[in-house]
Amino acid sequence: VGARSADAFANGNLLPNTVYMILIGGVLNAVLVPQIVKAAHGPDGGAGYINKILTLVTSALVGITVIAMIFAPLIVWITALDWGEEQLALATAFALWCLPQIIFYGVYTVMGEVLNAKSVFGPFTWAPVLNNVIAIIGIVVFIVLFGADPEGRMSVTAWTPGMIALLGGSATLGIVAQALILFVSWRRAGIRYRPDFRWKGVGLGSTARLATWTLAMVVVMQLGGIVTNNIVAIGSGDGPSTSAMQNVWLIFMMPHSVIAVSLATAYFTRLSEWGQTGRMAEFREDFSASTRQIALVMVYAAVVLVAAAPFIGRIINFGATPAQVEMFGEALMAYAVSLAAYSFLFVVQRAFYALSDTRTPFVFTTIQMAIVILLSLLLPLLVEPRYIGLGFAAIWSFATLVEALIATWLLRRKIGRIDGRRILGSLSKYVAAAIPSLGIGIALTVLFRALSPELGVLASLLFCCVEALVIGVVYIVVLRLVRSSEVSDIIGTVSRKLGRNRP
């Protein structure tokens, strides 16, 4: 927390994802599955569309990557205007090693969405594990060769080309492996890729029209990201800034990515089928089931993140000072408040995509981003740099809650009914179960911190596991008492996914 070198690496490693998302990433996520489902009804089962779209995306991203590397110093400067020349130079060096990730982010997205459209969900979900393993190995090798800097005291001028190459190169290698491993799954799914540069006559014009609003939405998000990243960067050296807030975000996203995205992806293919064929009764049923199941798990995950935040902070920042750990935990709790709403919103957004409506998500995302930008611009005027990260997390959570309400209302207007009474009934039961669970979790945190004032990593890990287990037991018991049917439903869904990779 507050480490200038770590913030420089975080900025450089974030750029590929930012550039990719601005230019093409959100477009692929929004339109690929419905269009592949539609193309699958053709005589070739969608093979022509798949070959052309992967060839097109890869070609485009190679060009984008070259341009991004040429303008890397300018891009880095735009995202951190408050940084000094030496910190910007280090971030630029990392960016040059990391920007080739853009190509492989695109390959991973296209290949994963094709597998999802074919109802093969496991590989896309678990491929990032390989990325994480390679990245961890790179960090371990770095520590062995050059030492650790848990308190962030290393000067930005102390980095050698070899150090930069090892850290940046291993991060990029992880993304490369994450993408290329999916070729194995493609072959097992019976998909054969052949480069095809004949891009006319396969429906890419329809895809482009759908992509226009999504591209506009992603541009709005990333422009907002540039503004807010500059705000967060003000805290570098004083409080949780670019690096720490990325780590907080990764912890926040973990339950969403592993559970919510996995469940939603399985349903998204079916929603796309119903949406493309006009079978709205089935569409509403699957939308209701997916939101209720995902909310059940995300409410539990949010309670665990809030209650165990001090221990999670120590595990992630194993060598940091108590003050740094405390700041990390505060930001995590501020984000966790909106975890269930964020995952719920994810399903609502994909419901619109399944209906080939990309304009409405642009509307409610723009509203959310406007709230985030306007309130974030006030942060430097209202709080000290030490609280910038915490304030941003709180603002983002508030805006996400507002966006989820607006998006749900717009979906109801579009399709008439969304099984709202049943969804609200389930959500009220989850909240009823969350209240005693959170109370017991906080009590355990107070007890554990009293027993072990100077938290170590192993003790924190043990306390996290105990709290997650106890909170889970209380949560399920209360849900059983209030007769929540979703507990057995989600167990059945997970069992089917593990068994056959099908919803």
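How many nonpolar, polar and charged residues does the lining of the second largest pocket have? By class, that lining has 23 nonpolar, 3 polar and 1 charged residues. In this classification Ala, Val, Leu, Ile, Met, Phe, Trp, Tyr, Cys and Pro count as nonpolar, Asp, Glu, Lys and Arg as charged, and the others, Gly among them, as polar.

The structure is a predicted model, in which local features need pLDDT of at least 70 and side-chain atom pairs count only at pLDDT 80 or more, while totals for chains, interfaces and linings use all residues. Residues are numbered from 1 along each chain as its sequence is written, and side-chain values use heavy atoms, with hydrogens and water left out.

**Pocket and cavity**

The second largest pocket has a volume of about 700 Å³. Of the 27 residues that line this pocket, the closest to its centre are Ala340, Ala341, Leu401, Leu427 and Val431. At least two lining residues come from each of H11, H14, helix H16 (388–415) and helix H17 (420–451). H17 gives the most to this lining, with 9 residues. Helices are DSSP runs (H or I, at least four residues), numbered from the N terminus.

The search also gives a count of 1 cavity of 30 Å³ or more. The largest cavity has a volume of about 30 Å³, and its lining consists of Ala264, Tyr267, Phe268, Leu271, Val347 and Arg350. Helix H10 (242–277) and helix H14 (339–354) each supply at least two residues of that lining, with H10 giving the most, 4 residues. The lining divides into 5 nonpolar, no polar and 1 charged.

Both searches use a 1 Å grid over the protein atoms alone: a cavity is a set of points where a 1.4 Å probe fits but cannot get out, a pocket is an open set with protein on both sides within 12 Å along at least five of seven lines, and lining residues have an atom within 4 Å of a point. Grid points are joined across faces, edges and corners, and a volume is the space filled by probe spheres set on the points.

**Helix packing**

Two packed helices are described by the angle between their axes and the distance between the axes. Axes are lines fitted to C-alpha atoms, for helices over the stretch in contact, and angles run from 0 to 180 degrees between N-to-C directions.

| Helix pair | Crossing angle | Axis distance |
|---|---|---|
| H14 and H15 (residues 359–382) | roughly 150 degrees | within 8 Å |
| H2 (residues 47–70) and H3 (residues 72–79) | about 75 degrees | 4 Å |

Ala68, Met69 and Ile70 of H2 make the contact with Ala72, Pro73 and Ile75 of H3, contact meaning heavy atoms within 4.5 Å. These residues divide into 6 nonpolar, no polar and no charged.

For the other pair, H14 and H15 cross at roughly 150 degrees. That makes H14 roughly antiparallel to H15, the term for angles over 145 degrees. Here Leu345, Gln349, Phe352 and Tyr353 in H14 meet Thr360, Pro361, Phe364 and Thr365 in H15. By class, this contact has 5 nonpolar, 3 polar and no charged residues.

The whole structure holds 8 salt bridges, each a side-chain nitrogen of Lys or Arg within 4 Å of a carboxyl oxygen of Asp or Glu. One of them joins Arg270 to Asp286, the closest N and O atoms being 2.6 Å apart. Arg270 lies in helix H10 and Asp286 in helix H11 (residues 280–307), so the pair ties together parts that are 16 residues apart in sequence.

Glu86 lies in helix H4 (residues 85–98). Glu86 and Val156 are 70 residues apart in sequence and 6.5 Å apart in space, C-alpha to C-alpha.

Methods. Angles under 35 degrees count as roughly parallel, over 145 as roughly antiparallel, 65 to 115 as roughly perpendicular and the rest as oblique.
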